[in-house]
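Biologist: I am new to this structure. Please show it to me, and then let me question the words you use for it.

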Amino acid sequence: MAIRFPSMVQAKNILRQSKSFASQTASTSTDVPKGYLAVYVGESQKKRFVIPVSFLNQPSFQELLSKAEEEFGFNHPMGGLTIPCREDIFINLTSKLNA
C-alpha cells in the first residue's frame, strides 16, 4: 500500500496541467533532456531554467510550487511552469538542493 503525500500529489497536478498548457503553445521542450523540466522564474521578467525532476521531492521546492499555484493556478502564461520569485532566490534555493 502506497502512502501519498498531499504536497507531492499537488506537485504532480501542477506539472500535469503545466504540460497540458505547454503542449497547446509553441514549445521548445525538445531541448529539455529526459529527467529534467523547464520552469520560468521571475517576478516581472521571466527567465527559463532547466532543472532536474528530482527537485520536485524537495520540501523547499514544493513550497515554491504551492506559491506558483496560488498566483497562477494552472494557467501559466509562459506556456510552462512559472514560479513567481526573484531569480536570485531561485538560484540560491536550487543550488542547495541535491539533484
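Modeller: Start with exposure: a residue is buried under 20% relative accessible area, exposed over 50%, and partly exposed in between (1.4 Å probe, protein chains only).

Biologist: Why is R86 called partly exposed?

Modeller: R86 has a relative accessible area of 41%. That lies between 20% and 50%, so partly exposed is the term.

Biologist: What kind of model is this?

Modeller: This is a predicted model, where local features need pLDDT of at least 70 and side-chain atom pairs pLDDT 80 or more, while totals for chains, interfaces and linings use all residues. Residues are numbered from 1 along each chain as its sequence is written, and side-chain values use heavy atoms, without hydrogens or water.

Biologist: What makes up the secondary structure of the protein?

Modeller: Three helices and three strands. Both are DSSP runs, numbered from the N terminus: helices are H or I with at least four residues, strands E with at least two. From the N terminus on, the order is α-β-β-α-β-α.

Biologist: Which strands are the edges of the sheet?

Modeller: The open sheet has the order β2-β1-β3, with mixed pairing. β2 and β3 each pair on one side only, which makes them the edge strands.

Biologist: What makes a set of residues a nonpolar core?

Modeller: The members are buried Ala, Val, Leu, Ile, Met, Phe, Trp, Tyr and Cys residues joined through side-chain atoms within 4.5 Å. The largest core has 16 residues; V39, V41, I51, F61, L64, I83 and F90 touch the most other members. Elements giving two or more residues to this core are β1 (36-41), β2 (47-52), α2 (59-72), β3 (81-83) and α3 (87-96).

Biologist: Which residues does F61 touch?

Modeller: Leaving out residues up to four places away in sequence, F61 touches I51, F55, L56, I83, F90, L93, T94 and L97. Contact means heavy atoms within 4.5 Å. Across the protein, 59% of the contacts with a separation of 6 or more join residues 24 or more positions apart.

Biologist: Why are D31 and R48 called a salt bridge?

Modeller: A salt bridge needs a side-chain nitrogen of Lys or Arg within 4 Å of a carboxyl oxygen of Asp or Glu. For D31 and R48, the N to O distance is 3.2 Å, so the pair qualifies. D31 lies in the loop between α1 (6-24) and β1, and R48 in strand β2, so parts 17 residues apart in sequence are tied together.

Biologist: How many salt bridges does the structure hold?

Modeller: Three. E87 pairs with K47, the closest N and O atoms being 3.4 Å apart. E87 is in helix α3 and K47 in strand β2, so this pair ties together parts 40 residues apart in sequence. D88 pairs with R86 at 2.8 Å between the closest N and O atoms.

Biologist: Are D31 and D88 buried or partly exposed?

Modeller: D31 has 47% relative accessibility and counts as partly exposed. D88 has 44% and also counts as partly exposed. Elsewhere, buried residues make up 34% of the 99 residues in the protein.

Methods:
Pairing = 2+ DSSP bridges.
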